[in-house]
Amino acid sequence: MHLETERDPDGGWYDREIKLVDEDGAIREEFGKDPLLGELREAERRHGQRINLWQQGLVCHECSNQINDRFSTDQDGHLLCWDCATTVDHTERGSLRMGVDTTKSVLSQSKLFKKSLCDYVVNVATGCRHGCKFCYVPSTPAIDSRDEYLQSQAGVEDPQAEWGQYVLYRDDLPERVHQGLQKRPPETWETTDRGRGIVMLSSGTDCYQDRRAAQITRGVVDELTSAGASVRILTRSPNITRDFDLFQRAGDAVSIGTSIPSFDTALVKAIEPNAPPPQARWEVLDQAFRHDIRRFVSFSPTYPTMDRDDIREALNWFRAIDPEVVFHEPINPRGMNFELCVDALRDADFEAAASTFEELLDRETWVEYALEQIQMVRDVAAELGGPTIHTWPDRELIGSTSGETRERLVRMKNRVSDEEW
Ligand code: SF4
Ligand SMILES: [Zn+2]
């Protein structure tokens, strides 16, 4: 299917009626003169086919030039050519600033094979509206080395302090992934034993955080799976359920997971202020279970306030959705992010929890907590007869141990996850 543009004889050259036409030339949908990107993406969803939006005769809402390659949208979803998209001022909705990310890269090689997650990542946006306090992303080069860029694209003054308040989208990523895959198909990728050539969405943002991100994600997953790639999706958002039709079509090529550090809704709310509650994330996996979609859990980062009963309760919830694997990692007190967690708990009047977190700043206390919690999660899972746990022992934690304990941790770290890829 493709778009056909028919010029309005009474209008300017850019006044064109946009129609979706199938292979036989039959009109399947009519969009009027100025369709929103969301309307076109919705049509792709309805017909289960992606329309390559480059060179389809679409025109820019701002300057009326034809869109021949890269594009984005304004805040209302009108299509913008690349020149307009990259010069238009960023927009604000409440405290959230939105803009366009002009990054050229499509797929990036990733070190996450060390966690047996993937070899490649695709980030559909820069910034993340969930604004989790422990998030390490703002301290990575993707954010930390781009102060001036974030300032110019979204008016960000302090990328770390304002984390959660800005998102720069990559609206034309599906088209670009399509093009990238033609040059470099999955057979030519560099893969590792632990990463297994999997592509993960997304490591630096939540790829289903809102509708605009979800639309990009759908297009990207469609392109990747059509090219034969394996895809892992990790999110905190129930928006992902809108794409179950796509995952069912992709079959074993897609596995989806949600991050559930704890089922203590109030604590999670304090630490992950804008993300949906843990129960809603569990329900995503429950729906995936019912739709026979591959699934995993990211039980990370678990809190020092959790005792054996809390862990048993969480693992029982996980057992109910029969995941292939539960990745587990205790919280890590490194860096400024951890202090933000403690402050957030205090601000929400969880004084006792804040103190328990704060105690982890003492290295010995942290090592003791992390080792104990890693073991507890594994023991409880063994007692219950599942789920399968894949532990992510921290590099520094391994470095703080010796002898048998250290060897065990190294073995855990080097494992390939128990998933069929
Ligand atoms: S959802 Fe993920 S990327 Fe977004 S703020 Fe939370 S941890 Fe960071
Ligand atoms: Zn334009």
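1. A helix's expected span is 1.5 Å times one less than its number of residues. Keep that rule in mind for the two helices discussed below. One caution before we start: this is a predicted model.

2. Which residues of helix 13 are buried? They are Trp366, Tyr369, Ala370, Gln373, Ile374, Val377 and Ala381. Viewed down the axis of helix 13, these buried residues fall within an arc of 125 degrees, and therefore they line one face of the helix. The spacing makes sense if you recall that an α-helix has 3.6 residues a turn, so residues three or four places apart point the same way.

3. The face of helix 13 turned away from that buried side carries exposed Glu364, Glu372, Ala382 and Glu383. As for what covers the buried residues of helix 13, the list includes strand 15 (294–302), helix 10 (308–320), strand 16 (325–330), strand 17 (389–391) and helix 14 (395–399). Just after helix 13 comes Gly385, with a positive phi of about 80 degrees.

4. With 13 residues, helix 11 reaches 19 Å from its first C-alpha to its last, close to the expected 18 Å. Phe338, Cys341, Val342, Ala344 and Leu345 are its buried residues. Seen down the axis of helix 11, they fall within an arc of 160 degrees, so they line one face of the helix.

5. What do the buried residues of helix 11 pack against? Their partners are helix 8 (265–271) and helix 12 (351–359). On the other side of helix 11, Met336 and Asp347 are exposed.

6. Now to ligand 1. The residues around ligand 1 are Cys128, His130, Gly131, Cys132, Cys135, Val137, Thr205, Asp206, Arg236 and Ala275. Sorted by class, that shell has five nonpolar, three polar and two charged residues.

7. Finally, the overall picture. The protein has 15 helices and 17 strands, and 45% of its 421 residues count as buried. Along the principal axes, the C-alpha atoms fill a box of roughly 80 × 45 × 35 Å. Among contacts with a separation of 6 or more, 66% come from residues 24 or more positions apart.

How values were computed:
Residues are numbered from 1 along each chain as its sequence is written. Chains are lettered from A and ligands numbered from 1 in the order in which they are written. This is a predicted model: local features need pLDDT of at least 70, side-chain atom pairs count only at pLDDT 80 or more; totals for chains, interfaces and linings use all residues. A residue is near a molecule or strand if its C-beta atom, placed from the backbone, lies within 6 Å of it. Ala, Val, Leu, Ile, Met, Phe, Trp, Tyr, Cys and Pro count as nonpolar, Asp, Glu, Lys and Arg as charged, and the others, Gly among them, as polar. Helices (H or I, at least four residues) and strands (E, at least two) are DSSP runs, numbered from the N terminus. A residue is buried if 20 or more other C-beta atoms lie within 10 Å of its own, exposed if 12 or fewer, and partly exposed in between; C-beta atoms are placed from the backbone. The arc is that of the directions from the helix axis to the C-beta atoms. Two residues are in contact if their C-beta atoms, placed from the backbone, lie within 7 Å.
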